[in-house]
Amino acid sequence: PHPEISPLNTTIEFGNRLLTFLVLAVGLACLIAALRLRPRRTSLVRLAWLQPVGVAVQGLWGGLVVRSALNPVTVSMHFLISIGLIAACFALYARVGEGDGPPVPLVHRDIRRLAFGLTAAVGVLLLAGVVVTGTGPHSGDEAASRFDLDIEMVARLHADVVWIVLGLTFALLLTLRVTGAPAPARRVALVLLGVELAQGVIGYVQYFLAVPAALVAMHVLGATLVWIATLAALHATRTRGKLPARAEPALDAVPA
């Protein structure tokens, strides 16, 4: 117990540390499964190694966050490292359902480029988001520092990037439909648009309600969902062929 710190904050912090061990256990399970797979697929083993190693790095960085008294730079990097881990997790998830051949586009190359551009724009959006959060009032500790920026300015800049992402998403969805792209790609792009719209509603509501903490938490969750949906849309524009024949039965229970 720390009398100078809110019990709620203490509970959240300690709960986060406990969940790290759960995530690490799942990461190790992924690695063991990849190593036991026959025939062994080097691509899966490499992606599987990123899971426990990434969690360990994130845990060490979390210690730096605490030592820096929740400096907004270290806190922002803590979230962005998690975004990188999610990308590695999704890559592993996608690769277990396909072969090891070179990526073959399922759509026109310009649509594929648009999907990459959209992914990059969402990355910029996430970066802008952590700047807004690091400038806002909810630091997790009254003694923690904040970015010395104008909250209204950075929030408006963040909103501008949101509109760019929405425009690119709509363009992707439209081009997928008019070119007769595979149904899974069109479906994933539609889901992405829906998640972005829901996230936008949360963002504007929290802005006009003076950034209540509960909505900030929902917005952070929404940001991860937008990132996952973006990765799904990108992966849906290409294929690596079918699974190796002998590996297929061992992966029947794993969704593609």
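Reader: How many salt bridges are there between domain 1 and domain 2?

Author: The count is one salt bridge (a side-chain nitrogen of Lys or Arg within 4 Å of a carboxyl oxygen of Asp or Glu). Glu-98 forms a salt bridge with Arg-238, with the closest N and O atoms 2.8 Å apart. This is a predicted model, where local features need pLDDT of at least 70, side-chain atom pairs count only at pLDDT 80 or more, and totals for chains, interfaces and linings use all residues. Residues are numbered from 1 along each chain as its sequence is written, and side-chain values use heavy atoms, with hydrogens and water left out.

Reader: Where are the two domains?

Author: Domain 1 is 9-100 and domain 2 is 104-242; the bounds come from an automatic or database domain assignment. Their centres, taken over C-alpha atoms, are 21 Å apart.

Reader: What area is buried between domain 1 and domain 2?

Author: About 1,700 Å², with 71% from carbon and sulfur atoms. Buried area here is the accessible area (1.4 Å probe) that two parts lose on being put together, summed over both. In domain 1, Pro-72, Phe-79 and Phe-90 lose the most area to domain 2, together 29% of what that side buries.

Reader: New topic. How many aromatic pairs does a search of the whole structure find?

Author: Two. Rings of Phe, Tyr and Trp (its six-membered ring) pair if their centres lie within 6.5 Å; planes under 30 degrees apart count as stacked, over 60 as edge-to-face and the rest as tilted. Phe-90 and Tyr-93 have ring centres 5.8 Å apart and planes at 50°, so that pair is tilted.
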